[in-house]
Amino acid sequence: MSARSPQAPPLSGSGAGRPPEPPSFRGSTAADARLLTAYTEACAESAAAMPPPAERSAAERGSADRIEQAARRARHAFLQAHAGHLYDELTDGRTRRPRLDELAFAAAEHYPGLVPDRAQVAADRRLPQAEKSGGEIDQGILFAHLLDRRETGEHLLRSMLAPTPRALDLLPEFRRTGRTDLGQATVHRDGCVAEVTICNQDVLNAEDDAVVEALETAVDLALLDESVTVGVLRGSVLSHPRYRGRRAFGAGINLTHLYTGRISFVDFMLRRELGYIRKLIHGLHHGAADDPFLLPGGKPWVGAVDTFAIGGSTQVALVLDRVIADTDAYFSLPALAEGIIPGAANLRLGRVVGRRMAERLIFFGEKVRATSPEARALCDEVVAPVALDAAVAASAERLADPAVPANRRMLHLAEESDDVFRTYMSRYALEQSARMHSPDVVAKLERTWINRRPTGTRAG
């Protein structure tokens, strides 16, 4: 049932610079949704009665923050009471498997005031990060509650393992030719091996919204093609002046896009973790989204790390079955210099390298050279650059063994259950959406990356 009508009674206690009295959600979902809409509208009116943001005093900025936080507490309270009903309504009783963006926009349509709608998101996309409304924090609240509940969270996780519509459209041609060029990524089949290549050469193969979309499609094609038994992930040859002619595994998130407001919370931060990275681990889920015994079609993956794996690229390396680096390569996770959370690295890195080394990487930006003893926890083999292709081919041949998929499923089950990942991502949704809109993130980007490099391409 839509929450648009009838209107809830007006709320008392609001005024310029002052939040209204908080609502008490004790009725049906529809009735409480009307209360939430009225309350968030009253909060917006109270904030709008104040001077424009750039003209506010310190006291007025504090008042505006209190109004904003009051509206968010109300969203939390509403979802605490009604997240399950909301999800069932938006998925037709969990018979549909909407993507993250579809789910967020459907929630905005059915529950006004809960999350930003399409027009509000589009308006924000035109603004630099420092000037955005912060509506993505409300999206973070929504997904935190959906993931926190086991029944809705498991359905959502399985839904995101479905192949994308774009991949299904491209599959017949890929099966026929063994090649697909997606712009920001390519996938090429050679025998039983599919090589997925990140192609964002002028920014060191950094990732942005478009790259994440292309990578998920490419990974889907490799997983959907029955003739493929092993995947290879690597970066393309760079066009950046400093590294022209050399391959690089990747430079993580495109920080220039983050600074200019072109990195989205839903289509980058969440989709990346629940989409292509998790598909690298678990493969695809083709059947009913609520069937816990339907085995996903996972395949082993080899990573070819040329030159460097920075930030998000090191995150990806953590989930691959075998990582082969050249002798010139290094790994790093400069999270503090960026101000954001390095995806699910905080979940996985400690069990791979140990807590102390994880903190050195995340908190102190330590670089780990592939040839150093510490790198043995991050890569399986280190070879000269000219020998990398042969080493990758040999590992792919080994991993093509039919017994590998079942064994890797059991390994992943032992080290990272769905419940552990789901709980982590619930908290991640809250923390990362807030970090993206923290003033210190923009300040760190300006101080550490953007103004120091004429090309503005550093990523992490």
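Glu 213 and Arg 166 join their side chains in a salt bridge, with N and O 2.4 Å apart; a salt bridge here is a side-chain nitrogen of Lys or Arg within 4 Å of a carboxyl oxygen of Asp or Glu. The pair links distant parts of the chain, 47 residues apart: Glu 213 sits in helix 8 (residues 209–224) and Arg 166 in helix 7 (residues 165–177). Keep in mind that this is a predicted model, where local features need pLDDT of at least 70 and side-chain atom pairs count only at pLDDT 80 or more, while totals for chains, interfaces and linings use all residues. Residues are numbered from 1 along each chain as its sequence is written, and side-chain values use heavy atoms, with hydrogens and water left out.

**Salt bridges**

- By the salt-bridge rule, the count comes to 34.
- Arg 166 counts as partly exposed, at 32% relative accessibility; buried means under 20% relative accessible area, exposed over 50%, and partly exposed in between (1.4 Å probe, protein chains only).
- Asp 418 has a salt bridge with Arg 278, and their closest N and O atoms are 2.8 Å apart.
- Asp 418 belongs to helix 17 and Arg 278 to helix 10, so this pair ties together parts that are 140 residues apart in sequence.
- Asp 440 and Lys 444 make another salt bridge, with 3.7 Å between the closest N and O atoms.
- Both Asp 440 and Lys 444 lie in helix 18 (residues 439–449), four residues apart, or about one turn of the helix.
- Asp 440 is partly exposed, with a relative accessible area of 28%, while Lys 444 is buried, with 19%.
- There's also a network: Arg 99, Glu 216, Asp 220, Arg 271 and Lys 279 are joined by salt bridges that share partners.

- The element numbers count from the N terminus, and the elements are DSSP runs: helices are H or I with at least four residues, strands are E with at least two.
- Three strands make an open sheet in the order 6-8-9, with mixed pairing (two strands pair if DSSP finds at least two bridges between them).
- Strand 6 (308–310) and strand 9 (368–369) are at the edges with a single partner strand each, so one side of each has no neighbour in the sheet.
- Strand 8 (residues 330–332) and strand 9 run antiparallel and are joined by two bridges.
- Across that pairing, Phe 331 stands opposite Val 368 in strand 9.

**Cavities**

- The structure holds two cavities of 30 Å³ or more.
- Here's how they are found: on a 1 Å grid over the protein atoms alone, a cavity is a set of points where a 1.4 Å probe fits but cannot get out, and lining residues have an atom within 4 Å of a point.
- Grid points are joined across faces, edges and corners, and a volume is the space filled by probe spheres set on the points.
- The largest cavity has a volume of about 120 Å³.
- It is lined by 16 residues, and the closest to its centre are Phe 268, Arg 272, Gln 315, Ile 341 and Gly 343.
- Helix 10 (265–282), helix 11 (312–317) and helix 17 (418–436) each supply at least two residues of that lining, and helix 10 gives the most, with four.
- By class, the lining of the largest cavity has seven nonpolar, six polar and three charged residues; Ala, Val, Leu, Ile, Met, Phe, Trp, Tyr, Cys and Pro count as nonpolar, Asp, Glu, Lys and Arg as charged, and the others, Gly among them, as polar.
- The second largest cavity holds about 30 Å³ of space.
- Residues lining the second largest cavity include Arg 272, Glu 273, Gln 315 and Arg 348.
- Helix 10 provides the largest share of the lining of the second largest cavity, three residues.

**Positive phi in the loops**

- Asp 92 isn't a glycine, yet its phi is positive, near 50 degrees.
- You'll find Asp 92 in the loop between helix 2 (58–90) and helix 3 (100–110), where it is partly exposed at 46% relative accessibility.
- Leu 204, also not a glycine, has a positive phi of about 60 degrees.
- Leu 204 lies in the loop between strand 3 (193–198) and helix 8, and it is buried, with a relative accessible area of 7%.

Technical notes: On a 1 Å grid over the protein atoms alone, a cavity is a set of points where a 1.4 Å probe fits but cannot get out, and a pocket is an open set with protein on both sides within 12 Å along at least five of seven lines; lining residues have an atom within 4 Å of a point.
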